[in-house]
Amino acid sequence: MTVSYTLEVADARFCGFSKLLFRWKGSIYRLLYKDVLVFCGVYLFFSVFYRFILTPKQQDLFERISLYCDQFTNTNFIPVLFVLGFYVTLAFNRWWGQYTSFPLPDNLMMVVSGNVHGADERGRLLRRTLMRYANLSSVLILRSISTRVHKRFPTLEHIVEAGFMTTQELKKFESLHSDFNKYWMPLTWFSNLASRAREEGRVRDDIALGLLMDELNKYRGKCSLLFHYDWISIPLVYTQVVTLAVYSYFAFCVIGRQFLNPEKGYKDHKLDMYVPVFTLLQFFFYTGWLKVGELIINPFGEDDDDFETNQLIDRNIQVSMLAVDDMYQNLAPIVKDKHWA
Amino acid sequence: MTVSYTLEVADARFCGFSKLLFRWKGSIYRLLYKDVLVFCGVYLFFSVFYRFILTPKQQDLFERISLYCDQFTNTNFIPVLFVLGFYVTLAFNRWWGQYTSFPLPDNLMMVVSGNVHGADERGRLLRRTLMRYANLSSVLILRSISTRVHKRFPTLEHIVEAGFMTTQELKKFESLHSDFNKYWMPLTWFSNLASRAREEGRVRDDIALGLLMDELNKYRGKCSLLFHYDWISIPLVYTQVVTLAVYSYFAFCVIGRQFLNPEKGYKDHKLDMYVPVFTLLQFFFYTGWLKVGELIINPFGEDDDDFETNQLIDRNIQVSMLAVDDMYQNLAPIVKDKHWA
Amino acid sequence: MTVSYTLEVADARFCGFSKLLFRWKGSIYRLLYKDVLVFCGVYLFFSVFYRFILTPKQQDLFERISLYCDQFTNTNFIPVLFVLGFYVTLAFNRWWGQYTSFPLPDNLMMVVSGNVHGADERGRLLRRTLMRYANLSSVLILRSISTRVHKRFPTLEHIVEAGFMTTQELKKFESLHSDFNKYWMPLTWFSNLASRAREEGRVRDDIALGLLMDELNKYRGKCSLLFHYDWISIPLVYTQVVTLAVYSYFAFCVIGRQFLNPEKGYKDHKLDMYVPVFTLLQFFFYTGWLKVGELIINPFGEDDDDFETNQLIDRNIQVSMLAVDDMYQNLAPIVKDKHWA
Amino acid sequence: MTVSYTLEVADARFCGFSKLLFRWKGSIYRLLYKDVLVFCGVYLFFSVFYRFILTPKQQDLFERISLYCDQFTNTNFIPVLFVLGFYVTLAFNRWWGQYTSFPLPDNLMMVVSGNVHGADERGRLLRRTLMRYANLSSVLILRSISTRVHKRFPTLEHIVEAGFMTTQELKKFESLHSDFNKYWMPLTWFSNLASRAREEGRVRDDIALGLLMDELNKYRGKCSLLFHYDWISIPLVYTQVVTLAVYSYFAFCVIGRQFLNPEKGYKDHKLDMYVPVFTLLQFFFYTGWLKVGELIINPFGEDDDDFETNQLIDRNIQVSMLAVDDMYQNLAPIVKDKHWA
Amino acid sequence: MTVSYTLEVADARFCGFSKLLFRWKGSIYRLLYKDVLVFCGVYLFFSVFYRFILTPKQQDLFERISLYCDQFTNTNFIPVLFVLGFYVTLAFNRWWGQYTSFPLPDNLMMVVSGNVHGADERGRLLRRTLMRYANLSSVLILRSISTRVHKRFPTLEHIVEAGFMTTQELKKFESLHSDFNKYWMPLTWFSNLASRAREEGRVRDDIALGLLMDELNKYRGKCSLLFHYDWISIPLVYTQVVTLAVYSYFAFCVIGRQFLNPEKGYKDHKLDMYVPVFTLLQFFFYTGWLKVGELIINPFGEDDDDFETNQLIDRNIQVSMLAVDDMYQNLAPIVKDKHWA
């Protein structure tokens, strides 16, 4: 479920964001605690190894290796910061782009409700079928990109069962072979059915038909964009470079940030704190930032913070049907408003 | 209230922005003074603790811990700067996007005024009702995202009382059950009523009706965008990473920036100034930048600088009614202008 | 006046931009010279104070304070660079956004000229009045955001005098009370008048009327955007953080960058140059960058580089009238072109 | 083939991105291994040269040169990081812009299917030919920008053979001489044919024709944008600056990062590890980032991660023909849906 | 001529971008070699001055000044890097914005070809004249912003000669006085002529006229945008700050990076290499980046990499005439395609 928190921070008060830190659901702690434990474990292993197992001579070597590693983790040798900053910003823009590409039937349903006429059964049938086609199309596309939707509709039969499709439509759908996603088929049916409704006079004029086609194309454009967002990812190479940068940085930290014997007088090693607080903090921030990237690179997964695709599908079909059927020409009496003068 | 200051800095004069520094309302001082006081208090506590309470031996330990902390707060160990820069930039773009998504009825009212005809009561009724529906829709959406609007209209009855809705419309509205915001219902009423006005001949042709539907869809699109801006926040994880980075940085500064005994000759500790001017400045800037993020992440709160949603609602309904009612075909006589040749 | 210089640097030649450095008008020197003088004055004051007034013991203290300050101005303690970079980039995008929101009547006048017919007086009157309304609207909005336009039209009477409005229109305009800018009123008049022209048959068909309404809405959208750009500034808090960062940085430089007695052998203080060339350069660049921000945060002021709003208003009304009146159906004879084959 | 991996990282789990690191296809390893080998070879050469071939005196000189080089590779002398960051971000935005400019016939085919009527042979012929023209146009443009498509259609005859063009059309096409790409010709044929279909009454009204022209123009706009993305590259100068920055940085690393004799006690040279792990990592990350730039600067090449242009061409023609021919008015019976009440 | 190189780097192969380094045309070497020579000359002058002309005592002073300068060129005192990065990114976005604003007649010519009917002389005349007006308008605007186009058409007579305008049109054009660019006049003629063609029945219905007006407005919008891109440059102040930052940085490098006598044992001055390789590299990269800015700030100059405006003008008029005249209703016979089933 999307984690909404803006209402809590509506006002920039004293210690504003601090209340956001004590949450578990959708939090960075939940995403990161396993990685932190692994990192601590490995660090501890080397710490024990160095302190209790190595001979003094081996310790000397370890210390030199550690100092050598530290030298590079202290300066900006591995460009973790920038690479992460640029990468997450790109991912974030994609993420929001994907969200705004989500096909909502609201505009379409208003045009259908206002332009496909008739309160009789045929009229209702036409309007409901048109909206069903539009919703079917978005279900087909979401099924291929969202793990949640795929789990809900593992086969096309499940879609038929859920009432988005009739069995005859399924046959027509399956009779056509294409290597690519066929999400556009129900939209072509929509176009054909609208054309037929015009012939039957249910759509009263060509301008109304034009409006329908226009909204249909906008709707299809969003489906198509969503499909391509999924198909064309951020180049794998970029993701690999970023991930390797972060991982290798901390691989060296595990050695380079060990507390060396303070008695040997190494520079900046005057205190043995056992727990490398700052390194842990660094790990927390950099890996946390990388996790942000992981989280938003595919917003159609099952993370706490991913889009609630299934609920949106339910909302869309419910609202579509209400708008074109129950609410069709169903108006409260038009009376003078309070401020009538 | 939104704090407008651009007129004061219209010209880039000598000491241009400096005059903006002496303001209290909507200022950084007002947002930050409590945090600064808390930070000073904690710093003072540790300062007194170190100077007067600890034994010399404990002081030695404290000094070493302090030096250890300082070592990390001086370099770029915790990537406060970049994380903040990227985060605030993202938040800023969202903030402006939210503002430009605010649904204004101006285009809609012009189309209604120009295309729904009749100076008689029925004509006025139609035009006023159409605009009332549009405004009602934006009130419904703003109620769910703006704390100020929610306070003004805690229940739907308050909306009825304010004249945005009749009791019969409220019944219709409540008879429909949906888990999601039903802000789109009045817009469907708008669509239905426009369709009825066309049948009555009040809207004279299909093209005019098309124009109405077009503007309606643009209006609905903005309502929808606003709803989604509120629903889909910047991932909580990102906000947490940024907040923790800033907070933990200053948690370590409280120890690491203590003035150690100058007599002990620690490097860079030759002067005991009691007040850590630079650390305070740093605190001021970094926390100030974070506050900017807090301020703009939800522009519909009650901060000095948040959008004046309630005033905008009043403006919108007032202007809508004026445009479609009082000003309907109410033109000054058309005379030759001054430069007629 | 806007300073245009791109033609001079059309070609990236040897020492390309260098010729831009020797300009006074609209230059950084003109914007900055006073600030530089003040900074030099303050620096000089402390310099004289340190060298000639303080006792040796006081000098010692001053030197320690100076070294302490210097320590922080040398490293990245105050995040001047990034804060400025992000801030100016945001301001720049706003600046260009504001410019492209400037309402130009060109599209509107072409549609009016092509669709409101009649070479007789009534036809001319209609076309001229329509365009006058459009221009009046932009004058009303610009008056509230541009200091230059406000100076030119301090009262509405000045607008009447300039021929943008008749006195009867002024009365109508003033009879309506609203707390918000009423720039939209003339556009409602436009809409009403276009509707009347359709009834009179001057606008021949509904599609032409639709075109008119469409362009009108685009025009109004730009006016509205401009109004909101002015109303909703970059949050004051952000501007204050940036300004304080720059100012406090240089406040410390004034102390920390003093040339200390080279004989005392302080690190990096082996040369007494009296004039702190680098600090001045730094002041120049950072304050210069801040000035860029000041300059572009309100492009409707009276800076050398601000938009020439008054000239644009003159151009717009002139061009509008020419296009819909003099040039109406005024075509050169249509003859075969040179390459006719 | 485009490498799609978002489904694998749909959830931000423990070690999220790590599974992406063990891939060969489309991976950074595949792109970079040759460069790494060359770099290692050159490094090794100098290492052997220094250790075994030089006389002690020459070694001293080499060591001084090495230290001198190292001094500059350690600090930010060559601004590799920023230049790369800004460059790759620009390239990335272009890359996505190019993808979204890819002309898809989906909207066009729906409008053709809904508005060009007749199930007879003439009707089918018209619809099929219209869609063929649209597809031909995109093939012509893609042939000039994608190496893969060029290999598939080295001459126009190949296009005829593939059925996108008839020989008579080819003759018409070749009879027109232009120095620029003639991809727009088939679209002009489309426009002419649509106009003829209107005359024949196959397109029933002017609004339908208007819809066709509208979608055609949007389609042409995308073809045109694609052409210009190819024509106007990121200025060569920018690419050269970035490439030279990265290459020269590592040219100096080859000398400056040699392990000098630890016995000579040079600073930071206390350990002889033979393999310069960190320099290799740096090489890996910086060159990897540059490779990302190379990869995305032309997404129409034959890299693993480039767009699958040929498959898209096949998909487009297949889908176009299906939609306007097989699926024309081919609807499943309209029956009540499951939730009919 | 625009330098196109993306085809050469279509695949990210081994040493991908390296082949781009060996080019002269449009290369960074060509842009920069003069500046490098000047820089070397000045450096050499000071080098000779220091080594051979100064007395030992003067040398001492020079060395101290040099060390003082070096101290500031080594750290980030002058924020060259960031200022350049932000500036070039802004300039780049403008550059691409300008390119995409280039008015192409392609959409317009298709609408004219499809909607202005008649294969007779009058029909041809109308279509050709309409397209001529559109092209004339873009020539007028390009003449004022592109040095190349201005050279080709130094006076309006040259435009007449080139066949874009008749002498009578020139008279009409000149009879109107305006302080601003009159590029919009031919477009008003277009609008008037289209309106006349409608009256003559050459444009068959109002919807077709609406389409024409719509495309005309889009075309005019691009002309207008281009005009404003030229008029409103990046504020001069910003360009000056950036240029001064780069120039002053290297002015100090000329002194601060001299090789001082290694015998005097100054820190980091143990090697006298005579040629300051790294400083040259720095000069190359920073100045190269600045050159990128110079190159793209006005893409309508005569640089190797600037837009080929004249060729585009030729292409546009040629293609316009072909499309509306030769190709008018000139279709290959419509036959069944290869895959007809």
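Predicted model: local features only at pLDDT ≥ 70, side-chain atom pairs only at ≥ 80, totals over all residues.
**Salt bridges, overall count**

I started with the charge pairs and got 95 salt bridges over all chains of the structure.

**Chain A against chain B**

Next I looked up how chain A meets chain B. I find 95 residues of chain A in contact with 96 residues of chain B. Together the two chains bury about 9000 Å², with 67% of that on carbon and sulfur atoms. I then asked which three residues supply more of chain A's buried area than any other three. They are Phe17(A), Met110(A) and Phe278(A), with 9% of the area that chain A buries against chain B.

For the polar side of this interface, I noted 17 residue pairs in polar contact, both partners at pLDDT 80 or more. On chain A's side, the elements giving two or more residues are helix 1 (28–53), helix 3 (80–100), helix 4 (106–115), helix 10 (206–231), helix 12 (277–297) and helix 13 (309–326). Sorted by class, that side has 55 nonpolar, 23 polar and 17 charged residues.

The rule gives 4 salt bridges across the A and B interface. I looked at the pair Arg204(A) and Glu199(B), whose side chains form a salt bridge at 3.6 Å, N to O.

**Symmetry**

I laid chain A on chain D: a turn of 72 degrees and a shift of 0.0 Å along the axis do it, with an RMSD of 0.0 Å. So the two copies are related as by a five-fold rotation axis. In chain A, the C-alpha nearest that axis belongs to Ile207(A), at 5.7 Å.

Do the copies meet through the same surface or different ones? Different ones, because only 5% of chain A's interface residues are also interface residues in chain D.

I also checked who does not touch chain B. There is no contact between chain B and chain D, and their closest C-alpha atoms lie 11 Å apart. Chain B and chain E do not touch either, again with nearest C-alpha atoms 11 Å apart.

**Glu63(B)**

Glu63(B) is in helix 2 (residues 56–74) of chain B, and it is buried, at 0% relative accessible area. Its side chain makes a polar contact of 2.5 Å with that of Tyr50(B). Setting aside neighbours within four places in sequence, I find Glu63(B) in contact with Tyr50(B), Leu260(B), Asn261(B), Lys264(B) and Tyr266(B).

In chain B, Lys291(B) forms a salt bridge with Glu294(B), closest N and O atoms 3.7 Å apart. The two are 3 residues apart in helix 12 (residues 277–297) of chain B, so about one helical turn separates them. Both Lys291(B) and Glu294(B) are buried.

Glu294(D) and Lys291(D) form a salt bridge at 3.6 Å, N to O. Glu294(D) is buried at 2% relative accessible area, and Lys291(D) is buried at 1%.

Asp272(D) and Arg51(D) meet in a salt bridge at 2.8 Å, N to O. Asp272(D) is in the loop between helix 11 (236–256) and helix 12 (277–297) of chain D, and Arg51(D) is in helix 1 (residues 28–53) of chain D, so the pair ties together parts 221 residues apart in sequence. At 22% relative accessibility, Asp272(D) counts as partly exposed, and Arg51(D) is partly exposed at 22%.

Last entry: Arg124(A), Arg128(A), Asp325(A) and Asp337(D) are linked in a network of salt bridges.

Terms used: Residues numbered from 1 in each chain as written. Chains lettered and ligands numbered in written order. Heavy atoms only, no water. Contact = heavy atoms within 4.5 Å. Buried area = accessible area lost by both parts, 1.4 Å probe. Polar contact = N/O pair within 3.5 Å; in protein donor to acceptor, adjacent residues only side chain to side chain. Helix = DSSP H or I, 4+ residues; strand = E, 2+ residues; numbered from the N terminus. Nonpolar A, V, L, I, M, F, W, Y, C, P; charged D, E, K, R; others polar. Buried < 20%, exposed > 50% of the residue type's maximum accessible area, 1.4 Å probe, protein only. Least-squares fit on C-alpha atoms with pLDDT ≥ 70 in both.
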